[in-house]
Protein chains: 4
Amino acid sequence: MKIGILTSGGDCPGLNAVIRGAVLKGVISHDAEFVGFRWGWKGVVEGDFMPIERHDVRGLSKQGGTILGSSRTNPFEGEGGGPENIQRMLDENGIDAIIAIGGEGTLTAARRLTDAGLKIVGVPKTIDNDLAATDYSFGFDTAVEIATEAIDRLRTTAESHGRCLVVEVMGRHVGWIALHSGMAGGAHAILIPEQPKTIEQICEWVESVRDRGRAPLVVVAEGFHLEDMEGAHSHKGLDAFNRPRLGGIAERLAPMIEERTGIESRDTVLGHIQRGGAPSAYDRVLATRLGMHAVDAVYENAWGSMVTLRGTDIKTVSIAEAVGSLNRVPQARYDEAKILFG
Amino acid sequence: MKIGILTSGGDCPGLNAVIRGAVLKGVISHDAEFVGFRWGWKGVVEGDFMPIERHDVRGLSKQGGTILGSSRTNPFEGEGGGPENIQRMLDENGIDAIIAIGGEGTLTAARRLTDAGLKIVGVPKTIDNDLAATDYSFGFDTAVEIATEAIDRLRTTAESHGRCLVVEVMGRHVGWIALHSGMAGGAHAILIPEQPKTIEQICEWVESVRDRGRAPLVVVAEGFHLEDMEGAHSHKGLDAFNRPRLGGIAERLAPMIEERTGIESRDTVLGHIQRGGAPSAYDRVLATRLGMHAVDAVYENAWGSMVTLRGTDIKTVSIAEAVGSLNRVPQARYDEAKILFG
Amino acid sequence: MKIGILTSGGDCPGLNAVIRGAVLKGVISHDAEFVGFRWGWKGVVEGDFMPIERHDVRGLSKQGGTILGSSRTNPFEGEGGGPENIQRMLDENGIDAIIAIGGEGTLTAARRLTDAGLKIVGVPKTIDNDLAATDYSFGFDTAVEIATEAIDRLRTTAESHGRCLVVEVMGRHVGWIALHSGMAGGAHAILIPEQPKTIEQICEWVESVRDRGRAPLVVVAEGFHLEDMEGAHSHKGLDAFNRPRLGGIAERLAPMIEERTGIESRDTVLGHIQRGGAPSAYDRVLATRLGMHAVDAVYENAWGSMVTLRGTDIKTVSIAEAVGSLNRVPQARYDEAKILFG
Amino acid sequence: MKIGILTSGGDCPGLNAVIRGAVLKGVISHDAEFVGFRWGWKGVVEGDFMPIERHDVRGLSKQGGTILGSSRTNPFEGEGGGPENIQRMLDENGIDAIIAIGGEGTLTAARRLTDAGLKIVGVPKTIDNDLAATDYSFGFDTAVEIATEAIDRLRTTAESHGRCLVVEVMGRHVGWIALHSGMAGGAHAILIPEQPKTIEQICEWVESVRDRGRAPLVVVAEGFHLEDMEGAHSHKGLDAFNRPRLGGIAERLAPMIEERTGIESRDTVLGHIQRGGAPSAYDRVLATRLGMHAVDAVYENAWGSMVTLRGTDIKTVSIAEAVGSLNRVPQARYDEAKILFG
């Protein structure tokens with residue numbers, strides 16, 4: 001069997017470990033052959049791929065990024081796009097199946113292509129850990145670890161100056177990175193998309209920390225929204241930045257907190273360092289296992305399925321059922337964390 | 001309610017985070033008071049304890065070790081030992097319940113004391129991850145991370161010299177640290193207590209790595225035994241060391257491998273660095289949650305129970321049922337890892 | 001002798017190690033007493049200080065921040081400010097001398113106060129390493145290490161997406177952090193205040209990297225200026241942000257590079273993580289030694305002097321001579337680095 | 001010009017960075033060609049080498065080990081050994097000069113070969129930092145950093161158990177790693193080859209720490225010797241181990257301390273992790289610069305010289321003068337450190 005692999009979407013620590021796990025499992029257990037599509041679906045649509053031999057994956061488990069490159073190309077668009085064109089390309093090159101490593105967009109595309117007859121197995125990639133079908137996704141542990149190390153560093157500076165510090169971490173729709181790094185780093189407020197709060201509530205937390213003689217540390221997920229949007233929007237001056245990119249919420253919150261509490265406040269946006277570089281040991285093991293099990297799913301003809309983690313086991317679930325169900329931070333987990341700071 | 005906490009047995013990253021989680025949860029949610037027994041059960045037997053206030057646990061989640069001290073004292077021994085003496089001490093000091101953080105010995109003692117009427121809740125502590133009642137125990141992730149970082153470092157040296165390197169990690173009865181750090185670090189052989197192997201099998205793996213032009217890296221758990229003990233014992237000269245402590249197996253294996261394969265071989269014992277220092281973010285979150293839920297168990301009068309991790313949830317289980325069931329590496333997990341190196 | 005210590009200005013890894021080194025040296029070798037002024041010169045002006053005993057500095061060498069707090073208060077301003085008031089406060093409290101740990105502002109103030117008769121010794125603190133009187137200043141090595149780790153992480157992401165990445169590091173007047181972290185991280189362009197470049201030159205470097213099939217990585221010091229300011233200012237739309245704080249240059253460069261080269265470009269500002277948290281071993285040793293030698297300078301009545309590193313030795317120099325001479329990156333060092341990327 | 005590079009002796013973080021620095025400097029500034037001899041002098045003696053192109057050194061600055069391999073082969077021995085044979089091999093292959101990266105043995109051999117007319121430039125490699133001709137050697141900073149991190153971890157365990165911990169670090173003839181990591185990690189005793197001490201003195205330090213309520217932490221260089229060898233040798237039982245390898249001194253000291261002080265004592269040998277893996281940013285910069293300047297020395301026909309660090313500058317010195325002068329820890333530096341623990 002000849003299997004094509006692709007990595008799609010934003011960078012995530014463990015992508016290379018998935019590739020290595022798949023190739024070693026396929027070559028050693030099934031005598032499979034592998035090719036890698038370059039730059040995600042772009043390589044599929046353009047028929048751009050390269051062979052991956054066993055020795056090509058040497059040492060990859062600890063290497064950040066993806067040797068295949070990644071992009072946000074949509075496989076239904078462009079000249080070579082759509083199921084018929086892709087199937088033709090696969091047939092012409094003797095490629096029997098595809099392992100697609102990517103986020104919700106990639107998995108949805110994989111399902112649609114599978115519905116049209118293509119042989120695809122998915123490996124979910126979401127650094128935000130926002131997919132309900134898996135307990136944890138690879139890359140998340142590394143992101144939490146990096147965010148926690150940064151928070152550890154930042155808090156000594158906050159304490160030295162008696163300042164309030166607002167740290168923005170990743171998490172567009174869900175607050176898992178903020179929740180875990182905030183708990184690990186001893187944050188005094190954790191703000192996540194699932195739990196809109198008013199600026200008054202946030203300032204109340206900040207002031208109670210100050211009153212205990214400490215420097216308030218606020219961890220906020222990029223997707224957090226203030227509950228009272230009126231209040232937020234009244235700060236027209238700040239909105240004038242109108243930034244179409246990372247960094248908005250912490251940058252808006254810090255001056256609002258300073259204005260209302262009188263506590264000097266600073267913001268820091270951790271940004272891309274959360275999604276690059278060597279994966280943690282946890283993520284290396286998880287990603288390697290997901291890659292291996294994806295190959296098993298290929299040999300079980302489990303088209304349209306994807307591999308996930310449940311407890312300590314790797315399972316296979318239908319992409320159709322899995323995608324679209326957001327892994328929100330449950331109320332109970334937020335309440336639990338809130339006791340530590342509220 | 002006045003709750004006494006103790007930490008018992010070997011060091012483990014996350015002990016302080018458990019204490020912090022318990023104290024914050026107890027003080028904030030239940031208005032509880034806390035005291036800490038010094039040096040594990042020794043403090044209980046001798047009535048030696050100190051108050052723990054909220055501000056005493058400040059910043060503790062990232063601090064290695066235990067502020068309470070630890071020892072291996074048996075609570076059934078000595079002048080103040082046994083259920084009656086302990087209950088009297090608790091009554092005299094108005095202590096209502098105990099949260100005991102410790103390994104199998106501590107948990108077994110806690111169960112026996114609970115059978116005799118004492119009010120105790122357990123938090124399992126095992127860096128080896130050898131307790132079947134919990135998916136993972138705190139400290140394990142940190143140990144794996146440290147072992148993996150060490151393996152990453154050691155492998156460049158092995159490659160530079162074309163040597164075989166035998167790295168000994170912790171794991172007396174089970175091979176989880178070896179399995180995970182070996183998978184994460186790309187080991188060419190993983191040797192664990194659950195899977196005795198002959199020296200011939202090990203050398204076969206080592207030679208096949210050498211034949212592929214690489215430097216063989218063997219990760220061995222301290223509790224691994226050669227299958228063919230005759231062969232092992234014939235190396236009398238080495239046994240003459242007769243070391244009653246860490247370090248035996250790698251030190252024995254390296255010269256055996258060198259002698260049989262002709263490949264220059266070295267051993268390294270990672271030792272205590274695996275169980276000290278700041279916990280990983282994963283372990284801080286897990287330990288904090290275990291501490292918080294232990295207090296809930298106290299307020300639910302769940303005497304004789306302990307807190308555990310199942311999937312992403314913290315659960316309560318009976319110590320009586322939990323203890324004694326060793327969390328062995330299943331055959332399927334070993335086979336999975338073996339594909340990567342065998 | 002009773003010595004007062006203060007830390008002033010921005011946070012810097014090693015402040016606590018200086019304090020610890022001074023206190024241990026003073027207490028053990030000279031039987032000195034110590035007090036710590038709170039929040040820098042503010043504590044001096046307000047007579048706000050606390051005793052520092054030997055046990056107070058326990059474990060401080062690895063702890064980030066400063067246990068004394070810091071601020072940017074000017075000792076010549078306010079009710080208790082100026083040499084007479086400060087001398088009176090010192091006399092009233094029996095404080096014989098001051099060790100002032102701070103940047104150029106603090107050292108200049110210390111010199112002026114010394115000219116007026118106060119007994120002060122300085123310890124230079126500059127994370128940017130911008131003081132000519134010392135080979136390296138404490139905190140610099142840690143900042144370089146953190147920036148390098150971040151660059152290591154960021155480059156895998158850049159490679160995975162085939163993007164240009166512009167990383168902004170600290171360095172207001174001099175480019176040492178950019179030079180060292182850029183060399184260590186394998187940057188393809190290093191932009192520093194000492195070496196203004198045109199956007200055309202930068203884009204030429206970026207394109208030559210792209211033409212070799214790689215993802216361009218640009219490391220820029222916050223104080224870098226484009227040579228052709230006309231060109232820079234013509235991007236009026238970007239200037240509309242009008243941000244009076246960290247982050248300007250990378251944020252401006254990335255879209256300029258993308259517009260001119262067609263290479264997708266992103267920026268990341270490392271910010272405060274470079275100046276917080278545990279110091280590197282190098283900085284712990286350097287800071288400890290500086291603290292110890294500052295006490296020696298006190299006992300040598302070397303008022304108006306400060307301690308510095310020359311080769312492997314700690315020396316004492318006159319603040320008057322030392323301050324004002326900026327430690328610029330020499331042309332030869334920039335040329336050396338440029339060979340690696342130009 | 002065609003330049004051959006070799007790396008010889010034990011592993012050391014930064015070897016690859018030297019190679020990269022040399023190749024980039026040579027290719028870009030001088031249009032040089034490079035070959036790499038495999039396995040140190042072995043490759044020279046056997047005429048075993050490979051071309052090194054610019055793209056071969058990509059990403060090497062942060063990679064541990066050496067892509068060329070290393071060994072302890074003596075270039076004066078064997079069939080192809082000695083100056084005539086080597087010169088013939090160089091001539092036959094059009095190799096004009098050699099850059100030899102290695103320790104004292106390699107540098108001495110390089111000097112002797114240079115005396116016989118060969119064109120060789122040296123780059124000193126000593127993780128122990130034992131060469132007087134250079135302020136610091138690459139790899140040393142990384143070793144100190146790793147040892148310090150380990151000490152940080154180990155001390156929490158020692159404190160948790162109220163134990164004395166004896167940590168053995170590298171340093172055969174000089175104690176620099178012990179001195180710096182001991183100062184950085186807050187050791188209570190630092191034992192180095194330059195300063196023999198009696199077991200009584202050591203126990204006095206240990207007991208004074210215990211009397212202050214702390215867990216004694218002893219950092220010992222592998223080359224340390226007890227002053228009163230009579231006393232040491234009377235522990236015949238321990239000497240029976242008669243171990244011809246790393247690990248001796250800590251293993252002997254711990255039981256001696258325990259026996260005399262009654263304080264439970266453990267030893268840990270850090271071993272190979274100190275010399276493998278990714279170099280620190282400091283070492284990457286230093287190693288890169290040394291590699292670049294070695295090429296300059298080649299183009300200056302500075303045969304028989306080697307590159308060194310003086311202050312912040314890279315200098316060239318004669319190997320003949322440099323080798324043989326051991327960089328011992330001066331009395332003043334030991335006295336300085338002793339104040340912190342004695």
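## Domain and chain contacts in a predicted model

Chain A is divided into domain 1 (2–126 + 279–322) and domain 2 (140–275), with bounds that come from an automatic or database domain assignment. This is a predicted model, in which local features need pLDDT of at least 70 and side-chain atom pairs count only at pLDDT 80 or more, while totals for chains, interfaces and linings use all residues. Residues are numbered from 1 along each chain as its sequence is written, chains are lettered from A and ligands numbered from 1 in the order in which they are written, and side-chain values use heavy atoms, with hydrogens and water left out.

**Between the domains**

Taken over C-alpha atoms, the centres of domain 1 of chain A and domain 2 of chain A are separated by 36 Å. Domain 1 of chain A gives eight residues to the contact and domain 2 of chain A gives four residues; contact means heavy atoms within 4.5 Å. On the side of domain 1 of chain A, the area lost to domain 2 of chain A is greatest for A:Asp11, A:Pro13 and A:Asp283, together 57% of what that side buries. Buried area here is the accessible area (1.4 Å probe) that two parts lose on being put together, summed over both.

**Two interfaces**

| Interface | Buried area | Carbon and sulfur atoms |
|---|---|---|
| Domain 1 of chain A and domain 2 of chain A | about 570 Å² | 42% |
| Chain A and chain C | about 2,700 Å² | 54% |

Between domain 1 and domain 2 of chain A there are zero salt bridges, a salt bridge being a side-chain nitrogen of Lys or Arg within 4 Å of a carboxyl oxygen of Asp or Glu. Five residue pairs are in polar contact there (both at pLDDT 80 or more). A polar contact is a pair of N or O atoms within 3.5 Å; within protein, one must be able to donate a hydrogen and the other to accept it, and residues adjacent in sequence count only if both atoms are side-chain atoms.

**Chain A with chain C**

This contact takes 36 residues from chain A and 36 residues from chain C. The interface of chain A and chain C has zero salt bridges and 16 residue pairs in polar contact (both at pLDDT 80 or more). Helix H5 (140–161) and strand S9 (265–269) of chain A are the elements that give two or more residues to the side that touches chain C. H5(A) supplies the largest share of that side, 10 residues. Helices (H or I, at least four residues) and strands (E, at least two) are DSSP runs, numbered from the N terminus.
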